Amino acid sequence: MPDDVFAALFAEVTAGGRRFGHREHVHLTWLAIRRCGMPDAIGLVSAGIRRTARYAGAPQKYHATISQAWVEVVAHHAGATPRRPVPAIDPFEAFADANPELLDKRLLSRFYSSALLASPHARTGWVLPDREPFPFSPPPAAR
């Protein structure tokens with residue numbers, strides 16, 4: 001995906017001077033999934049956040065497993081949330097209202113132990129959850 005796609009999504013979720021906090025991360029991820037599909041959104045979001053962290057002088061803030069896990073979790077919820085017209089609420093707000101658990105930045109601790117997420121392998125590459133599998137994951141034999 002071109003860098004300008006991430007830049008446009010980033011600009012959209014930080015418009016009006018909003019900081020890039022957890023809600024904006026979920027919003028950007030949701031937009032990326034809707035525009036590119038889940039597999040491409042993983043690369044787009046991961047590369048964009050990695051670049052943003054490097055640019056901000058904090059490359060250590062990028063975490064490969066956390067980035068991909070959030071894309072997968074948001075994609076699962078996006079697929080499970082019916083698209084219905086909500087004229088008074090913008091589409092992301094309707095999605096967030098229907099999926100408030102996504103706004104809890106500790107959600108991944110349900111699936112991952114702190115020790116696993118702190119490991120160098122999880123920081124630099126994808127690791128499967130060690131506490132409980134994602135509810136939308138195929139059974140271990142199917143992987």
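A salt bridge is a side-chain nitrogen of Lys or Arg within 4 Å of a carboxyl oxygen of Asp or Glu. Four salt bridges turn up in a search of the whole structure. The structure is a predicted model, in which local features need pLDDT of at least 70, side-chain atom pairs count only at pLDDT 80 or more, and totals for chains, interfaces and linings use all residues. Residues are numbered from 1 along each chain as its sequence is written, and side-chain values use heavy atoms, with hydrogens and water left out.

**View 1. The salt bridge between E93 and R23.** The closest N and O atoms of E93 and R23 are 2.5 Å apart. Because E93 lies in helix α5 (residues 91-98) and R23 in helix α2 (residues 22-36), the pair ties together parts that are 70 residues apart in sequence. Helices here are DSSP runs of H or I with at least four residues, numbered from the N terminus. E93 is partly exposed at 29% relative accessibility, and R23 is partly exposed at 32%. Buried means under 20% relative accessible area, exposed over 50%, and partly exposed in between (1.4 Å probe, protein chains only).

**View 2. The salt bridge between R106 and D104.** In this pair the closest N and O atoms are 3.4 Å apart. R106 is exposed, with a relative accessible area of 60%, whereas D104 is partly exposed at 30%.

**View 3. The salt bridge between E132 and R110.** A distance of 3.4 Å separates the closest N and O atoms of E132 and R110. E132 lies in the segment after α7 (120-124) and R110 in the loop between α5 and α6 (114-118), so the pair ties together parts that are 22 residues apart in sequence. E132 counts as partly exposed at 32% relative accessibility, and R110 counts as partly exposed at 45%.

How values were computed. Helix = DSSP H or I, 4+ residues; strand = E, 2+ residues; numbered from the N terminus.
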